[in-house]
Amino acid sequence: MAKILTRLETTIHARKGGDAGSSYVAKLMGKGREKVAQKFGEEAVETIVAALTEDDAALVGEAADTLFHLLVLLAERDVRLADVLAELDRREGVSGLDEKAARKS
Ligand SMILES: N=c1c2ncn([C@@H]3O[C@H](COP(=O)(O)OP(=O)(O)OP(=O)(O)O)[C@@H](O)[C@H]3O)c2ncn1[C@@H]1O[C@H](COP(=O)(O)O)[C@@H](O)[C@H]1O
């Protein structure tokens, strides 16, 4: 499953600084970090709305939009997907409640 995310990350990095006339990623990134972050937020909200009011197909579509725009946001900051996946690996097997307590301390 992570393979498509990794391929998508590579494509997104390749589009960075590219032709805004032929690439959605280049066009969005060209608008700057705030716009990239705003777009991710909008897609996340649309995913919430789909989860609460729409069918499974709509939710799948909105979730895909959200994951894609998260990758664009990470790429804009030059934060690697591998680092996010490594963080999830680190948390694997640790109770979410223990993680929550550790964050508070
Ligand atoms: N996975 C995606 C993907 N998911 C969603 N989107 C785009 O994200 C946008 C979000 O939907 P909206 O309805 O909010 O879009 P919009 O009205 O065009 O957006 P705004 O102008 O309001 O920002 C749409 O234009 C979608 O086409 C994507 N655009 C690109 N990709 C992948 O990124 C690759 C590179 O794309 P380009 O940069 O266009 O070459 C593609 O080959 C795909 O694999």
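Tutor: Handedness first: a crossing is left-handed if the near helix is turned anticlockwise from the far one by less than a right angle, and right-handed if clockwise. Heads-up: this is a predicted model, so local features need pLDDT of at least 70 and side-chain atom pairs count only at pLDDT 80 or more, while totals for chains, interfaces and linings use all residues. Residues are numbered from 1 along each chain as its sequence is written.

Student: OK, how many helices does the protein chain have?

Tutor: Helices (H or I, at least four residues) and strands (E, at least two) are DSSP runs, numbered from the N terminus. The element order is α-α-α-α-α-α, and the C-alpha atoms fill a box of roughly 50 × 35 × 25 Å along the principal axes. With zero strands, the helix count is six.

Student: How are α3 and α4 oriented to each other?

Tutor: Helix α3 (residues 33-53) packs on α4 with axes 8 Å apart, at about 160°; axes are lines fitted to C-alpha atoms over the stretch in contact, and angles run from 0 to 180 degrees between N-to-C directions. Under 35 degrees counts as roughly parallel, over 145 as roughly antiparallel, 65 to 115 as roughly perpendicular and the rest as oblique. So α3 and α4 are roughly antiparallel.

Student: And which hand does the crossing of α3 and α4 have?

Tutor: Their contact (C-beta atoms, placed from the backbone, within 7 Å) includes Phe40 and Ala44 of α3 and Leu70 and Leu73 of α4. By class, that contact has twelve nonpolar, three polar and seven charged residues. The crossing of α3 and α4 is left-handed.

Student: What about α1 and α4, which hand there?

Tutor: These two pack at about 50° with axes 10 Å apart, and are therefore oblique to each other. Leu5, Leu8, Glu9, Ile12 and His13 in α1 meet Phe68, Leu71, Val72 and Ala75 in α4. The crossing of α1 and α4 is right-handed.

Student: Which residue follows α1, with a positive phi?

Tutor: α1 has 14 residues and reaches 20 Å from first C-alpha to last, close to the expected 20 Å (1.5 Å times one less than the number of residues). Phi is near 75° in the residue that follows, Gly17.

Student: Which elements give two or more residues to the shell around the ligand?

Tutor: Residues around the ligand (C-beta, placed from the backbone, within 6 Å) include Leu8, Arg15, Tyr24, Lys39 and Phe68. The elements giving two or more are α1 (2-15), α2 (24-30) and α4 (56-76).

Note on methods
Contact = placed C-beta atoms within 7 Å. Nonpolar A, V, L, I, M, F, W, Y, C, P; charged D, E, K, R; others polar.
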